[in-house]
There are 2 protein chains.
Amino acid sequence: MPRVSTDQLAARRQHILDGARRCFAAYGYEGATVRRLEQSTGLSRGAIFHYFRDKDALFLALAEQDAARMADVVAEQGLVQVMRDLLATARKPDPGDESSWLGTRLEVSRRLRTDPDFRKRWQAHSAELTAATRDRLERQAANGTLRDDVPVAVVAQYLELVLEGLVSHLAMGLPADALDGVLDVVEQSVRR
Amino acid sequence: MPRVSTDQLAARRQHILDGARRCFAAYGYEGATVRRLEQSTGLSRGAIFHYFRDKDALFLALAEQDAARMADVVAEQGLVQVMRDLLATARKPDPGDESSWLGTRLEVSRRLRTDPDFRKRWQAHSAELTAATRDRLERQAANGTLRDDVPVAVVAQYLELVLEGLVSHLAMGLPADALDGVLDVVEQSVRR
């Protein structure tokens with residue numbers, strides 16, 4: 001067998017994740033069959049499951065990557081920007097776009113509601129997002145740009161509740177046209 | 001067969017609905033078997049399904065009754081009060097309480113996400129809630145108690161998004177302690 005470098009392994013792993021993301025986004029978790037995962041990654045099932053134990057491990061790796069990316073956006077631009085990104089994604093005609101978080105986010109939401117085991121395992125990632133949100137809010141509080149009549153923890157939970165409402169709204173396929181204005185209201189309501 | 005008055009029919013129908021509500025709240029839609037519906041209503045399946053075609057018809061009648069009641073609360077006290085009621089319900093130790101809306105509301109949310117037929121049929125009821133919300137907001141706008149820098153439609157959609165986030169949050173079994181403060185933020189953010 002040819003030896004491959006760590007970089008090559010990481011690149012192949014990422015290649016599989018990107019293909020799987022398109023596949024999950026287009027067909028949903030249940031609909032992303034092994035055959036479709038092969039098509040969207042251009043690799044055999046043997047190659048795919050050499051990197052990921054099973055479909056569930058693949059989904060979790062994707063969801064973790066998204067959660068980390070979301071935490072990065074939160075750290076730099078805040079949770080409202082995460083919502084604006086979700087909204088932009090939901091409006092795209094091609095849900096298979098690689099940058100699409102929505103498909104994964106919806107599946108995570110669904111599982112959090114229906115699968116207590118998953119809820120426990122996911123706690124670390126949602127804690128990461130909460131921590132990133134609080135950090136940013138605390139920096140804004142120090143800058144004097146955040147409202148200071150309400151504890152930062154309450155502002156953080158308020159923003160997370162709105163995010164969850166947005167995910168749910170989009171999951172129901174409800175119209176997204178008026179939501180930019182809604183997010184403006186949300187953004188204003190946390191400013192000083 | 002003895003003749004029964006319209007009042008008696010309506011009372012029996014309501015009796016079945018009350019028992020079914022406790023049953024759905026305690027066991028969820030799937031878990032509310034015909035046997036459990038018999039136990040919680042104290043009536044035979046024959047009697048129950050004389051009034052309602054099947055379990056689905058029973059659930060829909062309950063959900064409709066809740067939507068109408070919700071619209072009443074909205075008309076008198078606003079959508080934030082509906083959220084406060086949901087929160088109070090979620091904190092009750094006994095989920096079988098007759099006044100519990102949460103069980104039904106969660107099942108409606110789940111179906112809206114997963115069942116396009118139900119989504120279509122439910123449109124009339126969600127339109128009723130939206131209309132009640134807008135009416136109240138417009139009255140508040142006329143009173144000068146509502147913020148006037150944003151269209152009423154946007155404020156209404158903002159409140160509905162937060163409601164959906166709250167339902168989703170409670171459905172995931174996440175802690176509800178800090179949410180009173182969050183609802184205060186929401187209430188303030190729509191005031192003038």
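Predicted model: local features only at pLDDT ≥ 70, side-chain atom pairs only at ≥ 80, totals over all residues.
1. Residues are numbered from 1 along each chain as its sequence is written, chains are lettered from A in the order in which they are written, and side-chain values use heavy atoms, leaving out hydrogens and water.

2. How do these two rings meet? Tyr29(A) and Phe59(A) form an edge-to-face aromatic pair, 5.4 Å centre to centre with 70° between the planes. (Rings of Phe, Tyr and Trp, the last by its six-membered ring, pair if their centres lie within 6.5 Å; planes under 30 degrees apart count as stacked, over 60 as edge-to-face and the rest as tilted.) Tyr29(A) sits in helix 1 (residues 6-31) of chain A and Phe59(A) in helix 4 (residues 55-77) of chain A, so the pair ties together parts that are 30 residues apart in sequence. Helices here are DSSP runs (H or I, at least four residues), numbered from the N terminus.

3. Ring pairs also bring in Phe24(A), which joins Tyr29(A) and Phe59(A) in a cluster. Over all chains, the structure holds eight aromatic pairs.

4. Over in chain B, Phe24(B) and Tyr29(B) form a stacked pair, 5.7 Å centre to centre with 10° between the planes. Phe24(B) counts as buried because its relative accessibility is 5%, and Tyr29(B) counts as buried at 13%.

5. Now for the interface: 29 residues of chain A are in contact with 29 residues of chain B (heavy atoms within 4.5 Å). The area buried between the two chains is about 2600 Å², with carbon and sulfur atoms giving 70% of that; this is the accessible area (1.4 Å probe) lost on putting the two parts together, summed over both. In chain A, Arg113(A), Leu161(A) and Met172(A) lose the most area to chain B, together 27% of what that side buries.

6. Which elements of chain A give two or more residues to the side that touches chain B? They are helix 6 (102-114), helix 8 (152-171) and helix 9 (179-190). Helix 8 of chain A gives the most, with eleven residues.

Key: Buried < 20%, exposed > 50% of the residue type's maximum accessible area, 1.4 Å probe, protein only.
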